[in-house]
Amino acid sequence: IDDLGNHMNGTEDILNLQAKLTVAIMPFMPSTTADANAAFEKGHEVIVHMPMEPKVGKKSWLGPGAITADLSDEEIRKRVEDAIENVPHAVGMNHHMGSKITEDKRIMQIVLEVCAERGLYYLDSKTTGKSVIPEIAEELHLPYLENNLFFDDTYSVSHIEKQTQRLENRLKTENRLIAIGHVGVSGPMMVTVLNRHIEHLKEKAHIIPLSEQIEGSEWLR
């Protein structure tokens, strides 16, 4: 679940769901520390939700400490290191927006090098079809994962229900899936749908933190 860290709608209810989730928390925000600590105490996995410049949209939407294409190598490295330090209990990273940055080899090389140095894995949220993350992560021997489905790319309960059904259908033929939802505008809708389906999903699959997917992957073979 993305976008924690800024007192977003649905945060408390998401953290109270009876499943081990991975929660992506934005750095340098009013509730960054509180949300990370609460998630950790409830047994969820914490990752850094690193704000990165998109192809379309305003830089002002990204919040503080964002990675933008005009930054020097040194400033990119500093911002990534500072973000990791700012999110307690973080064991991985994904990006907030980022369609422009995740196509940029210069920038992602630095981001992923810092993750490798700090022992973090990376989740490619797949906000662009031209991501350079897989290529660089493999060169660095950095554990990485890829998003398979967004629950709430359209803000409606009916759409989130439809996406949940798609997830369940894919579980019939696929062993591992990652699905991303959000707190904020769609947070209460996510809570409604997940509360309705989570016990049923548990009958179909194990709901596990992302690091456990890595442990069962090629990275440790």
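Select helices α3 and α4 to begin: Asp73, Ile76, Arg77, Val80, Glu81, Ile84 and Glu85 in α3 meet Arg106, Ile107, Ile110, Val111, Glu113, Val114, Glu117 and Arg118 in α4, where contact means heavy atoms within 4.5 Å. Helices (H or I, at least four residues) and strands (E, at least two) are DSSP runs, numbered from the N terminus. This is a predicted model, in which local features need pLDDT of at least 70 and side-chain atom pairs count only at pLDDT 80 or more, while totals for chains, interfaces and linings use all residues. Residues are numbered from 1 along each chain as its sequence is written, and side-chain values use heavy atoms, with hydrogens and water left out.

**The α3–α4 pair**

Keep both helices in view. The axes of α3 and α4 (residues 105–118) come within 9 Å and cross at roughly 40 degrees, which makes α3 oblique to α4. Axes are lines fitted to C-alpha atoms, for helices over the stretch in contact, and angles run from 0 to 180 degrees between N-to-C directions. Angles under 35 degrees count as roughly parallel, over 145 as roughly antiparallel, 65 to 115 as roughly perpendicular and the rest as oblique. The crossing of α3 past α4 is right-handed, that is, the near helix is turned clockwise from the far one by less than a right angle.

Within α3, select glutamate 75. Glutamate 75 is partly exposed, at 27% relative accessible area; buried means under 20%, exposed over 50%, and partly exposed in between (1.4 Å probe, protein chains only). Its side chain makes a polar contact of 2.8 Å with that of arginine 79. Such a contact is a pair of N or O atoms within 3.5 Å; within protein, one must be able to donate a hydrogen and the other to accept it, and residues adjacent in sequence count only if both atoms are side-chain atoms.

**The sheet**

Next, display the strands. They form an open sheet of five, in the order β1-β2-β3-β4-β5, with parallel pairing. At the edges are β1 (22–25) and β5 (144–146), each pairing on one side only. From one strand to the next, the twist averages 30 degrees. Two strands pair if DSSP finds at least two bridges between them.

Methionine 93 has tyrosine 122 in β4 as its bridge partner, and methionine 97 in β3 stands opposite methionine 52. Six of the eight residues of β3 are buried, so the strand is largely enclosed by the rest of the structure.

Helix α3 (residues 73–86) lies across β2 (45–52) and β3, at about 150 degrees to β2. Helix α5 packs on the sheet and touches β3, β4 and β5, its direction making about 160 degrees with that of β5.

**Serine 131**

Move to the loop between β4 (121–124) and α5 (133–140), and select serine 131. Is serine 131 buried or exposed? Its relative accessibility is 16%, so serine 131 counts as buried. The side chains of serine 131 and aspartate 124 are joined by a polar contact of 2.7 Å. A polar atom of the serine 131 side chain also lies 3.1 Å from the backbone nitrogen of isoleucine 133.

**The α6–α7 pair**

Finally, select α6 (residues 157–170) and α7 (residues 187–204), which pack at about 15 degrees with their axes 10 Å apart. The two helices are therefore roughly parallel.
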